[in-house]
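Dear colleague,

A written account of its main features follows directly after it.

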Amino acid sequence: MFFAEFQKVSGLFDAWVEECPLIYNSPNAPKKRDVLGTWDLSILAGHRRYAHVTGLRSDGVSPQILGMSKIVSEDALRRALGKIPEGEGTEWMRKHLFKSAKAACDTPWILDIDTTIKTLFGHQQGAEVGYNPHKPGRPSHAYHAYWVGNLRLLLDVEVTAGNTTASNHAQPGLNRVLDTLSAEQRPYLVRGDCGFGNDAVIREMEARQQSYLFKLRQSPRVKRLLQREFTRRDWADAGQGWEGREDTIQLAGWQQSRRVVILRRLLKDHLIATQEHQGQLEFAFVDRRQTKVYEYAVLVTDIQEGILSIAQLYRDRADAENGFDELKNQWGWGGYTTRDLARCRLSARAVGLVYNWWSWYSRLAFPGSRREAITSRPLLLSAIGRSTKHAGQIHLFLTPMHAAQKKVERGIENIRRGLRIVRETAEQFLEHQPWDLLVSYIVAQITRSPWSPPGTFPALAGP
C-alpha cells in the first residue's frame, strides 16, 4: 500500500501508464492500467515467469490500491506486450528509465558499463552460442547495462544475441545514453573492464571529451611494458595491498600514446606451480621466501588523479557485479522469457524500472543504508491486508508478518513523513514536479542535510 502511495505521490506509475503505446480495438480487451499494474505487481513480488502471475489473481486488495479493476491473466499480459510496437515501446521504456535515475546525475557521478549473460533453454529469437562462463555451449542473450556507479541505478539495458558480448555491440547504447544527458548531467567518468579498453571505445570517448577509465588486455606490448616496469623499485602505494606505477603506452593500431597505471599485488597464499611435460603433470611448491608471485592489472585513463585514487576508482567498479547479481537472482532478469526478442527487451527494461523505483523507496524508508531486495522486500511487503468498506469509505488493515516489526514501523513512518511533506510542498511550489521534490527529499535524508525544494531558499521550504 505504501509503495503504491509512493508511486501515486511521485506520479511515476500514472505517467508510465498514460504514455504506454498499447492500443486495443476490442471493447472486451482489458484496460491498459490493469495490464501494466499486473506487470508492476508481478515484478515487485519477485516473479521470474509470466506463469507466476496466476499467484496474484486471488489478491483482492492490491488492484484497488493501484486503481485497477482486476489482475489480468498471464496470457493476457503476454499478448498485451506483443501488441506494443517495438520502436515505440523502446522509446517509452527508455524515457521512464532515464526519468527514474536522472536525479542522481545532478552531482558528479560515474557511469559503469558492463555485460552479463542470460542462459536460455528454449527456442528464443537471438538465442546464440557465445561467451557463457557458467554453461559453455548453451545459447544465451547478452545484457549490456549502463549504471549510475555505486548507487546501482539502471540508466538503460540492451538485450542482444548471445554471440554479441563484445564492446562494439555495447558502444551504440553507451553513445545513446551519453547523448541523452545534458552537459551538466554528463558523468565525471565512464568506467569499464578490459572488454572496453580498446581503441574504438577510447577514441569515441576522446571525441566526446568524456573522461574514461578502462582495463587493458594482456597484449604482447602490455607484457613488455610490465617486464620493463617490474625491474623498478620505486612503486607507490595504491591501497589494499596494491602497488602502482604510471607510464604511457601506444598499442598496435593506436594513433597516439595514452596514460596507463600499472597495479600489482603480492600473492601471499600457499602456491603450487604446475606444468605438463610429455603427458605427465608436474607440480612444485613455490617458496614464498625466494619467489614473489604477483597479480597485476593495467588501467588506461585520461584523468589526472594520482595512482591511489585511480586504483580505488577501478576497485569500486566491482559493485556493478553486485547489481547484476541482484537483478538476475532477486528480480526478474533471469526470467520473463518469450520466443521473440522484442518482449524480452521490454521485460528487461520494465524490471530495471521497478528496480529503480524500489531502490528510491527503500532509501526513503531506511536512509542510512542501501538494502537489496532480499532484505528490503520482506521488511516492507510482508503483511496480510484486509479491506473493509463502510459508509462509503474503504479501510485497509495490515498485519506485519516480519519478526522485526519495530524496524518495519520505523521505515513506514519515514515513508509516510516524506510523502506527506512532499505532497504539501508540491501544492505550494507548483513549478516543481512531485518526483523531483521527492528525490531531493530522499537525497537530503541520505546526506542528513536540511531539505528545501530545488531552486528555493531553505527559509521558504517548510518542514
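Of the 463 residues in the protein, 48% are buried, where buried means under 20% relative accessible area, exposed over 50%, and partly exposed in between (1.4 Å probe, protein chains only). This is a predicted model, in which local features need pLDDT of at least 70 and side-chain atom pairs count only at pLDDT 80 or more, while totals for chains, interfaces and linings use all residues. Residues are numbered from 1 along each chain as its sequence is written, and side-chain values use heavy atoms, with hydrogens and water left out.

The protein has 15 helices and 13 strands; helices (H or I, at least four residues) and strands (E, at least two) are DSSP runs, numbered from the N terminus. Its C-alpha trace spans about 85 × 60 × 45 Å along the principal axes. Among contacts between residues at least 6 apart in sequence, 64% join residues at least 24 apart, a contact being heavy atoms within 4.5 Å.

I turn next to the strands. Strand E2 (residues 140–148) is largely enclosed by the rest of the structure, because nine of its nine residues are buried. Both of its faces are covered: Ser-140, Ala-142, His-144, Tyr-146 and Val-148 are buried on one side, and His-141, Tyr-143, Ala-145 and Trp-147 are buried on the other. E2 pairs with E1 in the antiparallel sense over nine bridges, two strands being paired if DSSP finds at least two bridges between them. Within that pairing, Thr-116 has Tyr-143 of E2 as its bridge partner. E2 also runs antiparallel to strand E3 (residues 153–161), to which eight bridges join it; here Val-148 is partnered by Leu-153 in E3. The hairpin of E2 and E3 has four residues between the strands, and Asn-150 takes a positive phi near 70° in it.

Strand E6 (residues 236–239) is joined to strand E7 (residues 242–249) by three bridges, with Asp-237 opposite Glu-243 in E7. These two strands form a hairpin with two residues between them, and Gln-240 in the turn has a positive phi of about 55°. E7 is paired in turn with strand E8 (residues 258–266) over eight bridges, where Gly-244 has Leu-263 of E8 as its bridge partner.

Two pockets may interest you. On a 1 Å grid over the protein atoms alone, a pocket is an open set of points where a 1.4 Å probe fits, with protein on both sides within 12 Å along at least five of seven lines, and lining residues have an atom within 4 Å of a point. Grid points are joined across faces, edges and corners, and a volume is the space filled by probe spheres set on the points.

The largest pocket holds about 880 Å³ of space. Its lining comprises 33 residues, and Thr-116, Ile-117, Lys-118, Pro-133 and Lys-328 lie nearest its centre. Strand E1 (110–119) and helix H11 (319–329) are the elements that give two or more residues to this lining, and E1 gives the most, with six. By class, the lining has nine nonpolar, 14 polar and 10 charged residues. For these classes, Ala, Val, Leu, Ile, Met, Phe, Trp, Tyr, Cys and Pro count as nonpolar, Asp, Glu, Lys and Arg as charged, and the others, Gly among them, as polar.

The second largest pocket holds about 740 Å³. Met-1, Leu-380, Leu-381, Ala-383 and Leu-398 are the closest to its centre among the 29 residues that line it. Helix H1 gives the most to this lining, with four residues, and the lining divides into 22 nonpolar, four polar and three charged residues.

Finally, some individual residues. Glu-5 is placed in helix H1 and is buried, at 17% relative accessible area. Its side chain makes a polar contact of 3.0 Å with that of Arg-423; such a contact is a pair of N or O atoms within 3.5 Å, where within protein one must be able to donate a hydrogen and the other to accept it, and residues adjacent in sequence count only if both atoms are side-chain atoms. Gln-185, in the loop between helix H7 (167–180) and strand E4 (189–192), is buried at 14%. Cys-194 lies in the loop between E4 and helix H8 (199–207) and counts as partly exposed at 26% relative accessibility.

With kind regards
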